[in-house]
Amino acid sequence: MEDGTFSHASPAEILERISAQLGCSPGSAELAAHLDSTDELGHLRGLFHMPKTTDLSPTDPRLVDSAEDGVYLAGNSLGLQPKKTKEYLDAELDKWAKTGVHGHTEGSRPWAWAENTIEEMMAHLVGAEVEEVALMNGLTVNLHLLLLSFYKPTGRRHKILIEDKAFPSDYYAVQSQIRLRGYEPERSLLLIRPREGEDTLRTEDILATIEKEGESIAVILFSAVQYYTGQLFDVATITTAGQAKGCLVGFDCAHAVGNVPLRLHDWGVDFACWCSYKYVNSGAGGLAGAFIHEKHSGSIRPALWGWWGHDLKSRFLMDNEMQLIPGVGGYRLSNQPILLVCPLQASLEVFSQTSMQALRRKSVLLTGYLEYLLKRNFAHEDANPRKAHVRIVTPSDPAQRGCQLSLCFSVPVANIFRELERRAVACDMREPDVLRVAPVPLYNSFRDVHRFVCILGEALAASQGHPQGALL
């Protein structure tokens, strides 16, 4: 972005200083255009397919310019398609058509070990050694495989600690793993909730719970970024505290990978898993990832075996003598679908053109810009209590969030969501009352954010049936 002049300033301070230098309002389109013109990552947008307004099915054509891109702020749910995806898929379909079975061992992506060719890029993205990462299955399948090894309850240490509003699939997986071992969730599932009147968890409360309950906790399983609130947890501190009490510590990184810098190896995280279709843009149901720290490679083994966990050098000898790959590689059960490898490769190659540090710098300002405009235009006003207003659930501290802001409204959110969709805005609504908005630095622009806030004003007005005051 800028040359570092404002590197220690808050996003709001940066925006106000730049707008003052330009002689324009911080809410003006001129500021958004300037920020885009100085964005060193702006060219990456061209590597993705951005839906046009009229391609987004709920759009009302009367309300949009058909030549414009839609305002796509749903990368926290499904990332956009990298343009190389179709080329790579077509190449593998063509190889299958022309070479049949020989495709298993030929070409730039031999099907028999295609996922291995991109694991180094994924390891770099999550801050891991290559041998600590496996690309396989879906997130919940991998979570089950990991818990089968890491959750070893005893009469004294049998609890799993998770956040109260964990993603439902994580919650179900943990419940079923507890029951599988002969325990009951009512006794062995330990939930931690925000304080009364607060939306997010305080790190000090998490640490206090670990200190108090640690000797009865077998596994701590947290999100790295909370799917509902967008809160970024202090992974390193939670890991250290849990391990000090003898707990094994794992993270669901679905909303963190590709969103915030991760250092799973350096932080000493015991295990982690993630999907790749959100910020990593691999397409719906894309190939998921798993991490096991190398310190466990000689001590923790998979409970379930399959032939893809056998050492590649002797896998095809077919002698039924398992040569288990150490660490997470031994958790592979079957060969991975080549048609899922292709879009993931296309996306990881885009990430390889930059760094998570550069993406994070842009992200902090981009999401800070969204926060600034929302507060400027839709904050609660004591003098005008009937005016629709927005409350931001996500922490205001950039160190405690990623791209996403979770928004609550003083009017029914379903009506606002419907009006946004009619105007070609793609974000998502989560029950009971949150709208999740995620400007992604790989492909979103400052103009996207500015357009969103303008359209949100229109949507609020339409949902209430009266004109909205001047915005920005």
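Phe222 stands opposite Phe251 in strand 6, where strands (E, at least two residues) and helices (H or I, at least four) are DSSP runs, numbered from the N terminus. The model is a predicted one, in which local features need pLDDT of at least 70 and side-chain atom pairs count only at pLDDT 80 or more, whereas totals for chains, interfaces and linings use all residues. Residues are numbered from 1 along each chain as its sequence is written, and side-chain values use heavy atoms, with hydrogens and water left out.

Strand 5 (residues 217-223) and strand 6 (residues 248-252) run parallel and are joined by five bridges; in strand 6, Val249 is the bridge partner of Ile220. Two strands are taken to pair if DSSP finds at least two bridges between them. In general, strands of a sheet pair through backbone hydrogen bonds, either parallel or antiparallel. Here seven strands form an open sheet with mixed pairing, in the order 2-8-7-6-5-3-4. Its edges are strand 2 (133-135) and strand 4 (189-192), each of which pairs on one side only, and the twist from one strand to the next averages 20°. Helix 6 (residues 168-180) packs on this sheet, touching strand 3 (159-163), strand 4, strand 5 and strand 6, and its direction makes about 150° with that of strand 4. Contact means heavy atoms within 4.5 Å, while axes are lines fitted to C-alpha atoms, for helices over the stretch in contact, with angles running from 0 to 180 degrees between N-to-C directions.

Four of the five residues of strand 6 are buried, so this strand is largely enclosed by the rest of the structure; buried means under 20% relative accessible area, exposed over 50%, and partly exposed in between (1.4 Å probe, protein chains only). The loops on either side of strand 6 can be followed next. Lys245 lies in the loop between helix 9 (235-244) and strand 6, and it counts as buried because its relative accessibility is 18%. Leaving aside neighbours within four places in sequence, Lys245 is in contact with Arg157, Ile210, Glu211, Gly214 and Glu215. Ala256 is placed in the loop between strand 6 and strand 7 (271-274) and is buried, with a relative accessible area of 0%. With the neighbours within four places in sequence again set aside, Ala256 is in contact with Ala224, Val225 and Leu262.

The backbone also deserves attention. Most residues other than glycine have a negative phi, and most peptide bonds are trans. Asn137, in the loop between strand 2 and helix 5 (139-150), has a positive phi of about 55° although it is not a glycine, and at 25% relative accessibility it counts as partly exposed. A cis peptide bond, with omega about 5°, joins Glu431 and Pro432, and Pro432 is found in the loop between strand 12 (428-430) and strand 13 (434-437).

Met318 likewise has a positive phi of about 55° without being a glycine; its place is in the loop between helix 10 and helix 11, and at 52% relative accessibility it counts as exposed. Phe316 lies in the loop between helix 10 (312-315) and helix 11 (338-351) and is partly exposed, with a relative accessible area of 41%. Together with Trp307 and Leu312, Phe316 and Met318 make a nonpolar surface patch of about 390 Å².

Terms used: Patches are made of residues with over 30% relative accessible area and no salt bridge: like charges are joined within 9 Å, nonpolar side chains (Val, Leu, Ile, Met, Phe, Trp, Tyr) within 5 Å. Accessible areas come from the Shrake-Rupley method with a 1.4 Å probe; for residues, only the protein chains shown count as cover. A salt bridge is a side-chain nitrogen of Lys or Arg within 4 Å of a carboxyl oxygen of Asp or Glu.
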